[in-house]
Amino acid sequence: MRIQKEDLRRQNAYLLELAQKSSKTDLLLLCPSLRAVRERLVTTAKVDATVLITGETGTGKGVLARALHDWSGRRDRPFVVCDCAALTTSLIETELFGHEKGAFTGASSRRMGRFELAQGGTLMLDEVAEMPPEIQSKLLGALQDRQIYRVGGTSPVKVDIRVIAATNRDLQAEVAAGRFRQDLFYRLNVVSLHLPPLRERIEDVLALAEHLVQLYAQKFARNIQSLSPTARAMMLGYSWPGNIRELENIIERAVLLNNGPMLEIGIELDSDLKSRNSQSGHCHPDYAPGKLTLQQMERRYICETLDTTGWRISGRKGAAEILGLHPNTLRSKMERLGIKHPPPAA
């Protein structure tokens, strides 16, 4: 009885957390570039198949996954997210599959994992490429058999869920490099959807920006009706390396700093955008096309960022924040690229 109460308590707590996070599915409907494929998205949502969503960080993969759930026959059941990059190897198995009482030190009661919490609904595996190899094998078994084993358990638990996986990495390249199981890739890639970066769908910028202006104007009680012509021109002239997430961040700050009916980009934001636009428009000689592989460029850029932060990875103004990554994702990239903290000077 006590175990059942604990399961219900955890399930209710997690579902309450989900309910408090407002869905941004309407953002998707505002993108002109996606209206043309909306019918395909709706069809995909209704087909109860595993979906793999790819795209750069901040392009809206989580929003698209939520939309697929909301448009599916599972809409009245839970939508559960597991961020694979935010969990250590020792934690991810328990988070996904749960554990039995006494499975390990500190396991004082049985715990439900994300698979069970998503029963009847949808489980989104965010940044699935960051999943450790040993967990990839167990995930493959769960997808094939539609059952899981809790850590420390011997009895299978049947699960009826739809899985949506998302990644900002090229999974086929990860398979070729031996970092991701080929059979799991095929199991996840039943239906594939790709979200292009915002710089490749510039027609979406103003529609998204206007929606975000109204959203944050209401949130912060600002009398702002629309973007000013100057602000609109700046939005269209920027390359948006941080994609929709960066756009939302800039709009939120701008709304906080404005009170008039037309949203103006403040002097500090103006200079920031101009500086970054200028930098993005010219290649540094060391990064010129043909000189380095993409992996070498990524390694060098991460190292340079770490140098500027004194090798501080997490926290405010840490390398992870500057790069727009979760600290665990950055650590995983550093391990993959062989980046180690230099020894202290003698």
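The crossing of α11 and α13 is right-handed, a crossing being left-handed if the near helix is turned anticlockwise from the far one by less than a right angle and right-handed if clockwise. Helices (H or I, at least four residues) and strands (E, at least two) are DSSP runs, numbered from the N terminus. The structure is a predicted model, in which local features need pLDDT of at least 70 and side-chain atom pairs count only at pLDDT 80 or more, while totals for chains, interfaces and linings use all residues. Residues are numbered from 1 along each chain as its sequence is written, and side-chain values use heavy atoms, with hydrogens and water left out.

The axes of α11 and helix α13 (residues 243-257) come within 9 Å and cross at roughly 45°; axes are lines fitted to C-alpha atoms, for helices over the stretch in contact, and angles run from 0 to 180 degrees between N-to-C directions. α11 is therefore oblique to α13, given that angles under 35 degrees count as roughly parallel, over 145 as roughly antiparallel, 65 to 115 as roughly perpendicular and the rest as oblique. Contact (heavy atoms within 4.5 Å) involves, among others, Val205, Leu208, Leu212 and Tyr216 of α11 and Ile244, Leu247 and Ile251 of α13. The residues of this contact comprise eleven nonpolar, no polar and three charged, where Ala, Val, Leu, Ile, Met, Phe, Trp, Tyr, Cys and Pro count as nonpolar, Asp, Glu, Lys and Arg as charged, and the others, Gly among them, as polar.

Helix α11 (residues 205-219) also meets helix α12 (residues 229-236), their axes coming within 10 Å and crossing at roughly 130°. This angle makes α11 oblique to α12, and α11 passes α12 in a right-handed crossing. Val205, Leu206 and Glu210 of α11 contact Arg232, Met235 and Leu236 of α12. Four nonpolar, no polar and two charged residues make up the contact of α11 with α12.

A further helix pair is formed by α6 (residues 89-97) and α8 (residues 133-145), whose axes come within 10 Å and cross at roughly 15°. The two helices are therefore roughly parallel to each other, and α6 passes α8 in a left-handed crossing. On α6 the contact is made by Thr89, Ile92, Glu93, Leu96 and Phe97, and on α8 by Glu134, Ile135, Lys138, Leu139 and Ala142. By class, six are nonpolar, one is polar and three are charged.

Four aromatic pairs are found in a search of the whole structure; rings of Phe, Tyr and Trp (its six-membered ring) pair if their centres lie within 6.5 Å, with planes under 30 degrees apart counted as stacked, over 60 as edge-to-face and the rest as tilted. Phe97 and Phe115 form a stacked pair, at 5.4 Å centre to centre with 20° between the planes. The pair links distant parts of the chain, Phe97 lying in helix α6 and Phe115 in helix α7 (residues 114-117), 18 residues apart.

An open sheet is formed by five strands in the order β2-β3-β6-β1-β7, with parallel pairing; two strands pair if DSSP finds at least two bridges between them. The edge strands, β2 (79-83) and β7 (191-195), each pair on one side only. Neighbouring strands are turned by 20° against each other on average, direction ignored. Strand β1 (residues 51-55) pairs with strand β6 (residues 162-167) in the parallel sense over four bridges, and Thr54 stands opposite Thr167 in β6.
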